[in-house]
Structures are given as C-alpha cells and as structure tokens.
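Visitor: Please take me through this model and hold each label against its definition.

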Amino acid sequence: MTALTTHPPIQRLTPCRAEEPEIWFAETPAGVEFAKALCGDCPFQQVCLDGALERREPRGVWGGELFDAGRVIPRKRPRGRPRKYPIPA
C-alpha cells in the first residue's frame with residue numbers, strides 16, 4: 001500500500017523549479033538581486049545554501065546568496081572598470 005500525501009509538487013514550492021534556469025546565473029547586478037529575492041520565500045532556502053557551500057558551487061545564486069569561485073559574495077559588480085570620477089548629477 002502506498003502512502004498518500006497532500007503536499008503540492010515541489011515545482012510549486014520552489015522558485016528554482018518554476019522559473020527559467022538562466023535567472024539563477026544572471027550577468028547583471030539587477031538580475032542577481034531579482035534571483036536572490038525569489039529565494040526569499042523558498043521553504044528549502046537554508047538546505048539549498050548549505051548544499052551549495054558544501055559543494056563549493058562555482059557560480060550562481062543558491063539559497064538566496066551569490067556564489068563566485070565557490071564563495072559567497074555580497075553583490076555582483078557591473079562589467080567594466082569603475083568610473084574614476086563620479087558623473088555630475
């Protein structure tokens with residue numbers, strides 16, 4: 001006899017299963033922040049983060065954190081060199 005469950009499919013519970021995979025490997029700072037925000041309500045956020053830390057994920061958003069070279073980094077920098085002088089407003 002099989003046990004019946006009332007849990008909805010995992011695809012409905014986790015944004016990483018419901019959204020396009022490219023979201024989690026965004027190239028822009030805004031894209032990374034969007035992906036991190038999607039992780040905010042995920043019931044598996046801590047499990048995902050712990051697994052990514054253990055595997056030393058090379059890049060992407062895992063458990064609401066951005067990984068680069070196996071480490072968590074605070075934010076993604078835009079491409080190119082920073083400006084030497086601020087733009088006048």
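Guide: A search of the whole structure finds zero disulfides. Cys16 is in none, and the nearest cysteine sulfur, that of Cys42, is 5.9 Å away. The model is predicted: local features need pLDDT of at least 70, side-chain atom pairs count only at pLDDT 80 or more, and totals for chains, interfaces and linings use all residues. Residues are numbered from 1 along each chain as its sequence is written, and side-chain values use heavy atoms, with hydrogens and water left out.

Visitor: What makes Cys42 buried or exposed?

Guide: Buried means under 20% relative accessible area, exposed over 50%, and partly exposed in between (1.4 Å probe, protein chains only). Cys42 has 15% relative accessibility and therefore counts as buried. Cys16, with a relative accessible area of 45%, is partly exposed. Of the 89 residues in the protein chain, 26% are buried.

Visitor: Which residues of helix α4 are buried, and why are they said to line one face?

Guide: Helices are DSSP runs of H or I with at least four residues, strands are runs of E with at least two, and both are numbered from the N terminus. In α4 (residues 45-55), the buried residues are Leu49, Gly51 and Ala52. Seen down the axis of α4, they fall within an arc of 165°, so they line one face of the helix. The arc is that of the directions from the helix axis to the C-beta atoms. Val47 and Glu54 are exposed, on the face of α4 turned away from the buried side.

Visitor: What do the buried residues of α4 pack against?

Guide: They pack against β1 and β2, where contact means heavy atoms within 4.5 Å. Just after α4, Arg56 takes a positive phi of about 55°.

Visitor: How do you know that β2 and β3 pair?

Guide: Two strands pair if DSSP finds at least two bridges between them. Strand β2 (residues 65-68) and β3 have three bridges, in the antiparallel sense. Leu66 stands opposite Ile73 in β3.

Visitor: What makes β1 and β3 edge strands?

Guide: The three strands form an open antiparallel sheet in the order β1-β2-β3. Strands β1 (59-62) and β3 (71-73) each pair on one side only.

Key
Disulfide = S-S within 2.5 Å.
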